[in-house]
Amino acid sequence: MPAATVAVDPSVLAPLPVLGRDVAVPLVTGGEVAYAALDHAASAPALQRVWDDVAAYAPYYGSVHRGAGYLSQLSTDLFENARRTVAEFLDCRIEDQVVFTRSTTDSLNLLAAALPDGCEVFVFETEHHAALLPWQRAGRVTFLDAPSSPAQAVEILERALADRDPYGPALVCVTGASNVTGELWPVRELAVAAHAHGARIVLDAAQLAPHRAVSVRDLDVDWVAFSGHKLYAPFGSGVLAGRADWLREAEPYLAGGGASRTVARRADGGVDVQWHETAARHEAGSPNVIGAYAIASACKALTEAGFDALAAREDALVRAVREGLADVPEVRFLSLFGDDAPRVGVLSFVVDGWNSSHFAAALSAEYGIGVRDGLFCAHPLVRRLLDGDAGGAGECGAPEAGALNAIRVSFGVGTPEEHVSRFVRAVRELVRDGARWKYRTVDGRCVPDTSGRA
């Protein structure tokens, strides 16, 4: 069956304009092609609107807080309005705080540093390393086995929380959507289970917020973390939003100006410090005003486009990939909850007889398609999904893990239908005909061999 051209009902939604949509890249076989950016789960291209908003503000750049000049006051208003925009985007509670950070990783490390004494953290082995690793520095961690269904995830968590000893403060960390399989997790049900057992819950929304509306109130989560660079904003900014008490009672994440209200010398020669009790407590130093403004701009753009329409279009692209490769038995998609589980635009797969690094390199060099290969900073999950089976050897070895790796394709609001059609066609051709070029391993990566065609 030939691969069908991807078609999305134009009444649903057109792709939103993003940077890089007209970039041409060279092919090893000759000529150029428009780059198909299908690695949104790592970093999404910035929305054109976000870039334009940042460019419009740039001439008015000024220091934030306490500056008497006009540009300083303008920048301060911009920064604090961005905080309010993010709070509205997440449907935060009135008393919640929005702290600007560098990324999801930074946000979760901040929360880890704010855990009360004796707090035990419960986290599934399926999490991205950003959500899996920060807690070990802060206290006791219980790693939960991967569930085979959303219902089983709730059962595993309830059992672990009920059996904890001592029965003290606890935190659950869970993703909203897997960065490996794209599958949606039962966040609301997990929050109910956590609260029923006296625990709090933080949502890693790095993969969820760019694809679905996130409501702190409806999901009843205590905190939510996400990154700007996955939300169609530039690199270097993130958010931790949620309950203020643990954050207010913790030592500042960084000590310095902006986090302190007053500093005075003592008679003994030391200093006494009064720290802010607002979000500024954990925002020491000159803040990333442009980063915060870019996140706010992205929040507004996605809200105005409408998440229902965005999700409908994305669902059509996911179906196009799965249906376009359904009759290619060599392609196996990875899943925890089953092929029909609801998911965002993230799909990982392996190809029988191919090393995943080799396959991804051929997609890039011969078709101008950017995907990701490896273990996706979720090593325990990918290893479990692959059953520890290295599979068939390819021409290029994978870095560090032999052939135990996978390929991930991911897309979003700016992905044109042509990019998905090209991807489906490329996968089918590579499986049927093999690579047209020779490849070799250089510094752990599979790259085209200068010796030429295969």
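This dialogue goes through some features of a predicted model and explains how each is read.

Reader: What should I know about the model before I start?

Author: The model is predicted, so local features need pLDDT of at least 70 and side-chain atom pairs count only at pLDDT 80 or more, while totals for chains, interfaces and linings use all residues. Residues are numbered from 1 along each chain as its sequence is written, and side-chain values use heavy atoms, with hydrogens and water left out.

Reader: Is H11 enclosed or open, and how many of its residues are buried?

Author: A residue is called buried under 20% relative accessible area, exposed over 50%, and partly exposed in between, with a 1.4 Å probe and protein chains only. In H11, 11 of the 12 residues are buried, so the helix is largely enclosed by the rest of the structure. Among the buried residues are Phe359, Leu363, Glu366 and Tyr367.

Reader: What is found at the two ends of H11?

Author: A polar contact is a pair of N or O atoms within 3.5 Å; within protein, one must be able to donate a hydrogen and the other to accept it, and residues adjacent in sequence count only if both atoms are side-chain atoms. At the start of H11, a side-chain oxygen of asparagine 355 comes to within 2.8 Å of the backbone nitrogen of serine 357. Just after the helix, glycine 368 has a positive phi of about 70°.

Reader: Which residue caps helix H3, and how many of the H3 residues are buried?

Author: Serine 103 caps the N-terminal end of H3, with a side-chain oxygen 3.4 Å from the backbone nitrogen of threonine 105. H3, which takes in residues 104–113, is mostly covered, as 8 of its 10 residues are buried; Asp106, Leu108 and Leu111 are among them.

Reader: Where is aspartate 96, and which backbone atom lies by its side chain?

Author: Aspartate 96 is found in the loop between H2 and strand S4 (97–101), and with a relative accessible area of 12% this residue is buried. A polar atom of its side chain lies 2.9 Å from the backbone nitrogen of arginine 93.

Reader: Which residues other than glycine have a positive phi, and are they buried or exposed?

Author: Arginine 66 is one of them, with a phi of about 70°; this residue sits in the loop between H1 and helix H2 (70–89) and is exposed, with a relative accessible area of 72%. Phenylalanine 376 has a phi near 60° and lies in the loop between strand S16 (372–374) and helix H12 (379–385), but here the relative accessible area is 7%, and the residue is buried.

Reader: Where is there a cis peptide bond?

Author: The bond from aspartate 165 to proline 166 is cis, with omega near 5°. Proline 166 belongs to the loop between helix H5 (150–162) and strand S7 (170–175).

Reader: How do strands S18 and S19 pair?

Author: Two strands pair if DSSP finds at least two bridges between them. Here 5 bridges join S18 (residues 437–442) to S19 (residues 445–453), and the two run antiparallel. Arginine 440 stands opposite valine 447 in S19. The strands form a hairpin with 2 residues between them, and aspartate 443 in the turn has a positive phi of about 55°.

Reader: What is the volume of the largest pocket, and which residues lie nearest its centre?

Author: The largest pocket has a volume of about 390 Å³, and of the 23 residues that line it, Leu19, Ala37, Ser43, Ala44 and Pro45 lie nearest its centre.

Technical notes
Helices (H or I, at least four residues) and strands (E, at least two) are DSSP runs, numbered from the N terminus. On a 1 Å grid over the protein atoms alone, a cavity is a set of points where a 1.4 Å probe fits but cannot get out, and a pocket is an open set with protein on both sides within 12 Å along at least five of seven lines; lining residues have an atom within 4 Å of a point. Grid points are joined across faces, edges and corners, and a volume is the space filled by probe spheres set on the points.
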